[in-house]
Amino acid sequence: MRRKGEHHTAEGALVIPTIRSRPLSAARLRGYLWQALALLLVLAFLAFIARNAAINMARLNINTGFGFLTRPAGFAIAQHFISYDEASSYFVAFFVALLNTVIIAAVAIVCATMLGFVIGLARLSSNRLVAATAGAYVDLIRNVPLLLQLFYWYFAVLRPLPGPRQSLDLLHLHIAFLNARGLFVPAPMFEPGSGAVLLALLVALALFSLLWRWARGRREIAGRTPRAAWIALASLLFAFLAIAAAEGWPLRWEVPVLAGFNFRGGLVLSPEFVAMSVALSLYGAAYIAEIVRAGVAAVPVGQSEAARALGMGPLLVARKVIVPQALRIILPPLAGQYILLTKNTTLAAAIAYPDLMLIFGGTVLNQTGQPLEVMIITIGTYLALSFAIAAAMNAANRRLRRTGTPRR
């Protein structure tokens, strides 16, 4: 078959035309010159603003530079997941606030994704009651401002809760308690020898990933998973359990216990953290549900009909046919939703949750009197978080489109 751009001689020999570089035309040259001129003008404008700001700050005796990061902060942070006290530097306070923001964004993204997928599939249910309920949820949550929802969960739901002695036992197992002072959950405690166990776990996971890839390749060729793969995976599990047993099982869980007027032990999540997590998760789930519904609805109906004609059940059709094709449509807008959820964490300052916006954009700015540097750090951090999420989702999207189906 003759391809476009190819021709044959009379003797039948294939002749492939050489690729000639297109000469630089006058129009293209003028375009490059205008772009370079525009770039120079932008750089000159930025340099003028920077010089003008430096002159004015020097005239007003305003301190400049980032040396303040090494000075003691002198204020407490109620919710912190790493060691921190008032003697810690502003640099440590920055990491505490950043970690608070990242954790609450991660919790909201995970919970909103799981709930959004369930509600999005429920909207496509053949049961009218289920579809109508899911649709009502989406319409209600999307049309109420997020800040108002945050105030509802914080002031109307969590603040009126009883004290520690009348705490709500969430799982009825006496391990998780909710009251006006926050959510008390078990905390992991790492004892001597836990480092070796964690290293063994990482090695086991890496070997498991390699074995799983090899077994999947063999299954695609031979039609079944080799018995040696199952033996190797079982050996990895046995080796990890043997190492953990030899170290005396150094990981244990500290359960919160009521002692006097409050709980002791465990991990304490403040009411602000709980309210922000719930509000962001429910709000993001409503938008993710619409993304999932649109992605699933975009898959041709003939795909599922052909799968059912082959005898596949509904769950198998969804897992093997519909979801892999829908993910290629869902992932791009899902990345935008994840970035939006991360940026919406700035609303936590309205209920005094110590996130990056409240600590650095508020307290640190007022104490240091260096708004330019503080705002550069704050804005740059949010930009970095958004770019990191976008890069991760773009990488997942490229991998999905290259393979056709997500790797398991």
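Which residues have the most contacts inside the largest nonpolar core? In this predicted model, they are Y137, L334, Y338 and M393, and the core they belong to has 54 residues. The elements that give two or more residues to this core are the helices α2 (90-123), α3 (128-142), α4 (146-158), α7 (271-297), α9 (314-344) and α11 (371-403), together with the strand β5 (182-185). Of these, α7 gives the most, with 14 residues.

M393 shows what such contacts look like in detail. Leaving aside residues up to four places away in sequence, M393 touches L331, L334, A335 and Y338. Another core, of 20 residues, lies apart from the largest one. Among its members are L69, Y84, L356 and Y382.

In soluble globular proteins, nonpolar side chains tend to be buried together. Helix α1 covers residues 26-59, which makes 34 residues. Is F48 buried or exposed? F48 has a relative accessible area of 53%, and it therefore counts as exposed, the cut-off being over 50%. F48 is also one of the residues of a nonpolar surface patch, alongside L39, L40, V42, L43, F45, L46 and I49. Together these residues have about 810 Å² of accessible area.

Helix α2 holds a further case, M114. The relative accessible area of M114 is 53%, so this residue is exposed. Between the C-alpha atoms of M114 and S83 there are 32 Å, and the two residues are 31 residues apart along the chain.

The backbone has some points to look at as well. Most residues other than glycine have a negative phi, and most peptide bonds are trans. Where does the model show a positive phi? One place is N61, which follows α1 and has a phi near 55°. Another is H172, which is not a glycine but has a positive phi of about 60°. H172 sits in the loop between β3 (168-169) and β4 (177-179), and with a relative accessible area of 65% it is exposed. A352, also not a glycine, has a positive phi of about 65°. The loop that contains A352 runs between α9 and α10 (356-368).

Methods: Residues are numbered from 1 along each chain as its sequence is written. This is a predicted model: local features need pLDDT of at least 70, side-chain atom pairs count only at pLDDT 80 or more; totals for chains, interfaces and linings use all residues. Side-chain values use heavy atoms; hydrogens and water are left out. Helices (H or I, at least four residues) and strands (E, at least two) are DSSP runs, numbered from the N terminus. The expected span of a helix is 1.5 Å times one less than its number of residues. Patches are made of residues with over 30% relative accessible area and no salt bridge: like charges are joined within 9 Å, nonpolar side chains (Val, Leu, Ile, Met, Phe, Trp, Tyr) within 5 Å. Accessible areas come from the Shrake-Rupley method with a 1.4 Å probe; for residues, only the protein chains shown count as cover. A salt bridge is a side-chain nitrogen of Lys or Arg within 4 Å of a carboxyl oxygen of Asp or Glu. Buried means under 20% relative accessible area, exposed over 50%, partly exposed in between (1.4 Å probe, protein chains only). A nonpolar core is a set of buried Ala, Val, Leu, Ile, Met, Phe, Trp, Tyr and Cys residues joined through side-chain atoms within 4.5 Å. Contact means heavy atoms within 4.5 Å.
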